[in-house]
Amino acid sequence: MNQKTKIRYICGSVLLLLMLSLPLLSPIQNYLSIPTEVKVTASEDATPVFKNEAMTAFSSSNDNQIFYEFAGVPLKKTDLQTMKDIRLIPGGQSVGVELHTKGVLVVGHHLVKGNGERKSSPGEDANVQVGDILLKGNDQELNSMEDLSSLVKKSGEDGKAIKLTIKRGKEIMKTSLTPSYNNEEKEYQVGLYIRDSAAGIGTMTFYHPESKKYGALGHVISDMDTKKPIEIHEGTIVKSHVTSIEKGSQGIPGEKKARFSLKDDRLGTITKNTPFGIFGKLDGKMSNTAYPKGLPIGFSNQVEEGPAEILTVLNGDKMQSFDVEIVSNMPKKSPVTKGMIVKITDPDLLDKTGGIVQGMSGSPIIQNGKIIGAVTHVFVNDPTSGYGVHIEWMLQEAGIEIYEEGQKAG
């Protein structure tokens with residue numbers, strides 16, 4: 001290696017080390033920590049405070065921006081979004097849900113033994129696939145298994161095919177299906193396993209007193225067989241009472257067991273089933289004795305890595321508070337379902353559940369006196385940890401306006 005090559009090598013190494021060390025320098029860290037966008041309410045001080053006295057912040061004339069300068073030189077700009085002052089009643093209650101599908105959902109095929117020894121599935125022969133939603137039959141809406149059963153019987157007796165309207169993904173299509181007579185069961189059949197409803201349990205996240213709207217679960221409800229989100233025709237949310245807990249362990253998610261009555265324990269309606277949870281309106285008011293006046297909301301840019309708490313039920317309908325830690329916060333300008341990583345730290349909760357269990361989804365997360373989101377998913381290989389969704393995205397899905405007039409999402 002000649003002298004010139006050595007000098008190049010040394011200079012390159014020094015430059016590389018300098019570039020790698022830059023992010024570790026305090027001024028650079030301060031610069032990188034300045035957000036490009038901040039959500040604030042009218043009652044809050046929008047100007048972030050930095051300990052580096054050499055860097056100053058000042059507002060623009062229209063109060064929608066903050067500029068940062070160093071030694072008189074502008075360095076960075078933060079856009080401000082003014083949000084409404086919203087107070088929510090925190091949830092934490094265990095709830096039962098029942099969803100009735102929009103149309104009837106195909107979850108499987110079966111063979112029908114017709115005349116002779118031939119067996120076939122008329123539905124499969126008509127290219128009806130698992131996961132399809134049967135919306136109409138002969139131009140009549142299908143909203144229950146009874147609707148389809150009566151149509152199959154009539155069409156079979158009349159010797160006519162059923163003209164089906166099917167939704168497959170986002171596509172609407174039509175097909176003709178001719179029922180076959182099952183000699184063993186003495187009835188006409190189409191060779192399809194279908195489902196028109198689903199039920200389960202979860203946790204209430206929030207109640208908005210002004211609109212009577214609520215949010216729960218923090219994630220979409222999918223069909224257990226097709227694994228596809230359930231498109232709902234109508235739904236009911238009810239009180240539920242936790243009867244036992246199956247403790248989770250590595251690779252085996254735990255589960256809450258609960259009972260509820262659709263007739264006696266009704267709370268309200270379910271009108272939306274989305275990736276951010278289920279939403280609707282309650283028939284009456286919902287209270288939380290620990291927070292009778294409710295709590296303000298904390299936006300994603302206000303969430304801090306560190307201690308927080310969740311509210312949930314482990315026995316009966318007794319709501320409890322448990323310690324957690326926000327391990328990671330990942331605020332985004334557009335809605336995301338996995339905005340935080342949450343770790344259970346409360347010894348009592350870990351002892352009883354092993355961490356996050358099924359049925360705990362929707363448990364509200366509270367930090368610094370604000371509702372910041374909800375627990376959504378557990379890590380299968382580490383049940384002590386899981387994801388959380390930011391509260392602002394749940395509010396948007398619930399149809400609760402969070403932006404002041406003239407403001408909109410970035």
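How many of the 410 residues in the protein chain are buried, as a percentage? Buried residues make up 45% of them, where buried means under 20% relative accessible area, exposed means over 50% and partly exposed lies in between (1.4 Å probe, protein chains only). This is a predicted model, so local features need pLDDT of at least 70 and side-chain atom pairs count only at pLDDT 80 or more, while totals for chains, interfaces and linings use all residues. Residues are numbered from 1 along each chain as its sequence is written, and side-chain values use heavy atoms, with hydrogens and water left out.

**The whole chain**

- The protein chain holds six helices and 30 strands; these are DSSP runs numbered from the N terminus, with helices being H or I of at least four residues and strands being E of at least two.
- Of the contacts with a separation of 6 or more, 67% are between residues 24 or more positions apart, a contact being heavy atoms within 4.5 Å.
- Its accessible surface is about 21,400 Å², and carbon and sulfur atoms own 51% of that (Shrake-Rupley method, 1.4 Å probe).

**Strand β5 and its partners**

- Strand β5 (residues 87-90) runs antiparallel to strand β23 (residues 295-296), joined by two bridges; two strands pair if DSSP finds at least two bridges between them.
- In that pairing, L88 stands opposite L295.
- β5 also pairs in the antiparallel sense with strand β15 (residues 192-208), again over two bridges, and here P90 stands opposite F206.

- L350 sits in helix α5 (residues 347-353) and is partly exposed, because its relative accessible area is 25%.
- Beyond its neighbours within four places in sequence, L350 touches K247, I344, T345, G355 and T384.
- Helix α6 (residues 391-398) is mostly covered, with six of its eight residues buried: I391, E392, W393, M394, L395 and A398.

**I221 in its loop**

- I221 lies in the loop between β16 (213-216) and β17 (232-239).
- I221 counts as buried because its relative accessibility is 14%.
- Leaving aside neighbours within four places in sequence, I221 has contacts with V97, L99, P229, I230, N273 and I278.
- I221 and E231 are 10 residues apart along the chain, and their C-alpha atoms are separated by 9.2 Å.
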